[in-house]
Amino acid sequence: MTQTTDELIADALLQPAPLLPLLHRLHERDGYLSEEALRAVSKGLRTPLADLFGTVTFYHHFSREAGGLDALRVCTGPICRLNGAEQLVDALEGSTGMACSGRCDEPIPVLRGGQTLVGLRADALELRETPLPPAPPQGIEECVFAHIRDDDRKQLAGYRRTGGYQALEQAVTSMTPEALLDLIDASGLTGRGGAGFPTGRKWRAVRDASGGPKTVVCNADEGEPGCFKDRALMDHDPHGVLEGMALACIATGASRAFLYLRYEYPETEHVLLRAIEDAEAAGILGDDVFGSGQTVHLHLRRGAGAYICGEETSLLNSLEGKHPFPRNRPPYPVTHGFEGTPTAVNNVETLSSVAPIVLHGAEWYRGLGLGDHAGTKVISLSGDIERPGNYEVPMGLPLRTLLFEWAGGGRKGHEIQAVTMAGLSGGFLAGDDLDVTLDEPSIRSKRSFLGAGGIMVFDETRDMVDVAHSAMEFFAHESCGKCFPCRIGTQRLTERLAGSAGPTEPGAWLDEVADINRTMKETSACGLGHAAPLIAESLVRYFPAAVQNHIAHSSRSTGLDT
Amino acid sequence: MSDQTGLTLTLDGASVSFTKGESIFQVAERHGKEIPTLCYDDRLDAFGACRLCIVEVEGARAPVASCTTKAEPGMRVTTRSGALEMHRRVLLELVVSENREVDVDELSGYASQELTTLVDRYDARTGRFEGRISGTSRPDDPNPFILRDYANCISCYRCVRVCAEQEGDYAISIMNRGFDTQITTEFEGHLKESACTFCGQCVQTCPTGALGDIKALRHKAIEKPVEKTRSICPYCGVGCAVDIMTKGDQIVGIQPAMDGPANEGALCVKGQFAFDFVHHPDRLKTPFVRNDHGQLVPTTWEVALDKAAAGLLAAVNEHGRHSLYAVASGRAPNEAGYVMQKFVRAGLGTSYIDNCSRA
């Protein structure tokens with residue numbers, strides 16, 4: 001039976017972080033967020049109506065027009081564009097484009113309400129499961145993907161068959177939190193979402209912080225174009241993520257955790273909810289974890305379309321129902337996180353690594369990396385490559401080994417011209433700079449970074465200025481609008497890469513672009529503004545002739561219509 | 001290190017003391033450094049949007065916003081350097097590029113000249129970074145007080161923050177993201193249909209004139225300098241300090257005094273916008289009494305007071321002293337208020353006296 005708005009509000013108020021789930025329930029019930037519903041939410045949650053309205057408009061997937069929820073949304077991310085996404089938008093009546101929705105290994109995803117259709121043509125769209133990661137080469141040992149291809153892995157019984165939840169049981173019955181923290185410290189595990197902060201140190205800071213209750217947040221807002229690893233982990237190994245969250249709770253002293261899932265993964269929500277339910281029914285999660293008397297409650301919260309919510313402080317504001325601008329730091333989330341309490345925010349892949357580390361030991365994990373590098377990293381590989389997909393590589397693996405030996409090299413008869421790093425945020429690597437190894441020090445020495453590990457491949461048939469333009473358009477679309485350099489800078493860079501505004505004289509064009517790049521990198525308030533210029537900067541560095549050609553052939557109309 | 005005393009940091013090479021909790025910006029301002037900013041209003045929580053107040057802190061990877069960075073003992077801070085000034089100029093050129101115009105009439109509002117002043121200081125009117133203009137103006141909003149000319153908005157959100165933090169009205173908010181950001185009321189309506197009380201604080205904190213004082217701007221064409229006279233708002237007993245703006249003999253507008261001890265820059269709709277009575281042709285300049293035909297006619301104070309006294313006495317005689325109730329005007333000075341209550345209590349013999357600020 002359809003619930004009334006008042007009933008939904010009353011339900012929501014019984015839960016922590018009620019705003020997003022309430023808005024989703026109304027969005028799903030009515031097919032859009034009506035003025036009437038928002039007025040009721042404002043009253044019920046005692047939040048000012050203007051604020052609520054502004055916050056709703058921040059998320060691009062909340063529709064405010066009748067029928068909006070079910071309108072088709074076609075991924076027009078960088079890889080889907082190469083596969084004809086823009087033509088697909090034209091072919092599908094009433095559809096609109098959306099930013100990369102994390103299925104670059106199997107283009108083109110189309111969202112229809114709560115379903116993801118996949119296909120290259122309007123008449124060939126079908127429901128398909130998220131692709132499994134390709135098998136690794138002989139002799140390569142994996143951490144987070146070790147069992148992901150097992151039958152039944154999604155089910156609790158399948159997960160437990162190969163040691164699932166043993167690490168959690170061990171942690172609550174025969175280990176102290178201190179010993180767990182020591183183990184994670186010793187493993188060298190660092191954040192796999194891109195920032196690379198040592199996980200053990202983060203958890204210890206939360207544990208040692210005064211005040212409470214403490215909170216764990218799993219950042220599953222995988223919004224970076226070209227990244228689709230967390231989708232695979234959650235869809236095919238949901239319990240692995242949940243066990244990691246529970247272990248984080250035990251280590252930090254938190255009794256609750258949120259998983260913040262990006263809007264574009266609707267099926268994943270059901271997979272995770274089912275997994276949480278099963279684990280609670282089995283006494284693994286809930287009020288009495290493995291009979292230890294410890295409480296771990298996991299709450300799922302779904303985003304509504306905003307790349308910036310992958311930034312941890314934006315995510316926290318979003319969870320709290322506030323306008324999702326990034327916060328000023330310090331203070332950091334480890335002391336002032338969710339609702340001002342000590343909070344550990346960790347990426348899906350980071351948390352998925354924890355249970356294997358507890359089971360096999362710190363030395364084992366460290367040893368998975370090459371040379372001095374600890375552990376593994378999942379790389380989402382897509383674009384002009386023979387075998388796209390998620391690859392869990394040893395940290396320090398040469399990029400060329402991944403591209404040519406693991407993934408079969410570029411398309412037949414074509415040369416790899418450039419790759420992106422960190423999805424899009426790391427900009428391009430090309431030429432001799434493809435001789436990097438997959439670890440931060442190596443890639444940072446080329447003025448880029450590994451980040452969340454998305455790598456998109458472009459061969460010589462691709463117009464790199466056009467690729468850079470659509471990348472910058474993405475950053476401009478996703479810039480939150482808080483700090484000036486990013487808000488205006490991403491717009492001006494987009495216009496210059498489109499050729500719709502800016503100088504026509506090459507020297508002046510390059511000066512303007514260099515000045516924007518430098519000021520954005522040095523003065524922006526968060527990572528989006530620091531990273532977005534890398535696209536323009538690396539384009540100019542690797543493809544000077546193409547840039548000169550672009551400036552010479554740009555047509556200016558009024559310059560104001562981009 | 002104790003909590004309140006003995007804390008020092010190095011500011012442009014000089015050792016200076018500070019209080020725990022102060023931001024670098026506050027310390028620097030106290031020491032006479034003119035750090036540029038557009039999103040800062042010292043009555044509001046530091047926000048860190050415009051990034052003009054960046055300073056170099058030794059050991060930090062990049063410059064930090066001084067408004068949102070707390071001063072720490074031993075910090076070595078540089079407020080001006082070639083790199084900082086270069087970033088500030090680029091930021092200002094970017095801001096200029098997103099606005100329809102930079103020069104707005106000073107009658108627009110208290111802070112309306114902040115952008116143009118900084119643009120001049122940094123010689124940032126270069127025409128670089130041209131492109132689309134941000135913000136959609138709302139000429140459709142029929143309210144008679146607040147101009148909503150968002151083509152000159154720079155998204156510093158001072159208006160939204162002052163409305164929430166100072167006034168507590170939460171009438172306006174931020175719509176959309178990035179370059180498409182727009183100041184809005186709920187559902188993009190007019191201010192009259194929103195929670196707006198027309199206190200005008202948004203107008204007065206706007207650094208670009210995107211929000212303007214419509215009533216003051218009526219007098220834009222008078223070619224005389226604006227003079228400000230400090231006074232107290234005549235409307236109620238709070239005693240808000242105001243600056244009365246005049247051009248010659250004409251009152252052209254009211255601005256709240258940011259240093260007014262009772263209001264700290266706040267006013268209400270009456271104090272802010274209701275000053276037309278001063279020059280109004282209907283304003284009373286002599287007493288009036290009704291003649292035998294019930295018409296009001298001008299007269300002398302003597303006649304008027306006799307008539308009033310007769311009326312009051314008649315009422316007391318007929319209905320008793322408690323038939324009278326007096327309301328003193330909040331616009332009267334203290335002394336007049338005192339005389340009024342004395343007259344009511346001692347003269348009429350009733351304690352039914354109040355003030356219009358409460359009545």
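I began at M245(B), which stands opposite G253(B) in strand 12 of chain B. I note that this is a predicted model.

**Strands of chain B**

I looked up how the strands pair. Strand 11 of chain B covers residues 241-247, and six bridges join it to strand 12 of chain B. The two run antiparallel. I then checked the hairpin they form, and found two residues between the strands. There, G248(B) takes a positive phi near 60°. Is strand 12 of chain B mostly covered or mostly open? I found it mostly covered, with five of its seven residues buried. Strand 12 of chain B spans residues 250-256.

**Two helices of chain A**

Next I turned to helix 12 (residues 238-252) and helix 13 (residues 266-281) of chain A. Their axes lie 9 Å apart, and they pack at an angle of about 60°. I logged the crossing as right-handed.

**Where the chains touch**

Last, I looked at the contact of the two chains. Chain B gives 37 residues and chain A gives 37 residues. On the side of chain B, the elements giving two or more residues are helix 2 (82-98) and strand 7 (173-175). Helix 2 of chain B gives the most, with six residues. I sorted this side of chain B by class: 18 nonpolar, 12 polar and seven charged residues.

Notes
Residues are numbered from 1 along each chain as its sequence is written. Chains are lettered from A and ligands numbered from 1 in the order in which they are written. This is a predicted model: local features need pLDDT of at least 70, side-chain atom pairs count only at pLDDT 80 or more; totals for chains, interfaces and linings use all residues. Axes are lines fitted to C-alpha atoms, for helices over the stretch in contact, and angles run from 0 to 180 degrees between N-to-C directions. Helices (H or I, at least four residues) and strands (E, at least two) are DSSP runs, numbered from the N terminus. A crossing is left-handed if the near helix is turned anticlockwise from the far one by less than a right angle, and right-handed if clockwise. A residue is buried if 20 or more other C-beta atoms lie within 10 Å of its own, exposed if 12 or fewer, and partly exposed in between; C-beta atoms are placed from the backbone. Two strands pair if DSSP finds at least two bridges between them. Two residues are in contact if their C-beta atoms, placed from the backbone, lie within 7 Å. Ala, Val, Leu, Ile, Met, Phe, Trp, Tyr, Cys and Pro count as nonpolar, Asp, Glu, Lys and Arg as charged, and the others, Gly among them, as polar.
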